[in-house]
Amino acid sequence: MRFLTYVLIVAALAAGGWVWFFGPYWIDSYKMQDVAGSAVLSWAAFDEGKGKAELAAELKRREIPDYLTPDACSFYLESGGVKVVDCAWTVDVYLPLVDQARRISFQVVKSAGTDGRLIE
């Protein structure tokens, strides 16, 4: 029984360490789902300039860190008039006791149809 207890403690510490070092970046990725969605809906309702302004405002409002800027997102049209906001970024996470960084890549793509609704 002691061995299993030690294994569970080590597993819990490893999971906690993963959450401590990588969790904030995954939370930012989750927040970016809403940010990109708001930007594409503003673009669909108004124009591209309004969509870009909404993107910048949402990044600030949702307290997305400075490593993620509006420059990470591109606005483009697909066939049929579908408007797309595509945000892609990478983050280097430096772990203690290791000489190299772990690079994590993220991408969030949101689309709006000609009727102004999000396309899933």
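C73 stands opposite C87 of strand 2, in a predicted model for which local features require a pLDDT of at least 70 and side-chain atom pairs count only at pLDDT 80 or more, while totals for chains, interfaces and linings use all residues. Residues are numbered from 1 along each chain as its sequence is written, and side-chain values use heavy atoms, with hydrogens and water left out. Helices (H or I, at least four residues) and strands (E, at least two) are DSSP runs, numbered from the N terminus.

Strand 1 and strand 2 run antiparallel and are joined by five bridges, where two strands are taken to pair if DSSP finds at least two bridges between them. Within this pair, K83 of strand 2 is the bridge partner of L77. The two strands form a hairpin with five residues between them, and G80 in the turn has a positive phi of about 85°. Strand 2 is also joined to strand 3, again in antiparallel fashion, by 12 bridges, one of the bridged pairs being V93 with R102 of strand 3. The hairpin of strand 2 and strand 3 has six residues between the strands, and in it L97 takes a positive phi near 65°. Taken as a whole, the four strands form an open sheet in the order 1-2-3-4, with antiparallel pairing. Because strand 1 and strand 4 (118-119) stand at the edges with a single partner strand each, one side of each is left without a neighbour in the sheet.

The secondary structure of the chain comes to two helices and four strands, arranged from the N terminus on as α-α-β-β-β-β. The radius of gyration, taken over C-alpha atoms, is compared with a globule rule of 2.2 Å times the number of residues to the power 0.38. The value for the chain is 19 Å, well over the 14 Å that the rule gives for 120 residues, so the chain is more spread out than a compact globule. Along its principal axes, the C-alpha trace spans about 65 × 30 × 25 Å. Accessible areas come from the Shrake-Rupley method with a 1.4 Å probe, and for residues only the protein chains shown count as cover; the accessible surface of the chain comes to about 8,200 Å², of which 58% belongs to carbon and sulfur atoms.

Residues are classed as buried under 20% relative accessible area, exposed over 50%, and partly exposed in between (1.4 Å probe, protein chains only). Of the 120 residues, 30% count as buried. A nonpolar core is a set of buried Ala, Val, Leu, Ile, Met, Phe, Trp, Tyr and Cys residues joined through side-chain atoms within 4.5 Å. The largest such core holds 22 residues, of which M32, L55, L59, V85, C87 and W89 touch the most other members. At least two residues of this core are supplied by each of helix 1 (2-45), helix 2 (48-61), strand 1 (73-77), strand 2 (83-94) and strand 3 (101-112), and helix 1 gives the most, with seven residues. Contact means heavy atoms within 4.5 Å; leaving aside its neighbours within four places in sequence, V85 is in contact with A36, A39, V40, W43, C73, S74, F75, V108, V109 and K110. Among contacts in the chain between residues at least 6 apart in sequence, 52% join residues at least 24 apart.

E58 has its place in helix 2 and is buried, with a relative accessible area of 7%; not counting residues up to four places away in sequence, E58 touches V35 and S38. I27, by contrast, lies in helix 1 and counts as partly exposed at 48% relative accessibility. The C-alpha atoms of I27 and R62, which are 35 residues apart along the chain, are separated by 11 Å. In the loop between helix 2 and strand 1 is E63, which is exposed, with a relative accessible area of 64%. Most residues other than glycine have a negative phi, but E63, although not a glycine, has a positive phi of about 55°.

Confidence is expressed as pLDDT, the predictor's confidence in each residue, from 0 to 100. The chain averages a pLDDT of 92, and 100% of the residues score at least 70. In the chain, confidence is lowest in helix 1, at a mean of 91, and highest in strand 1, at 97.
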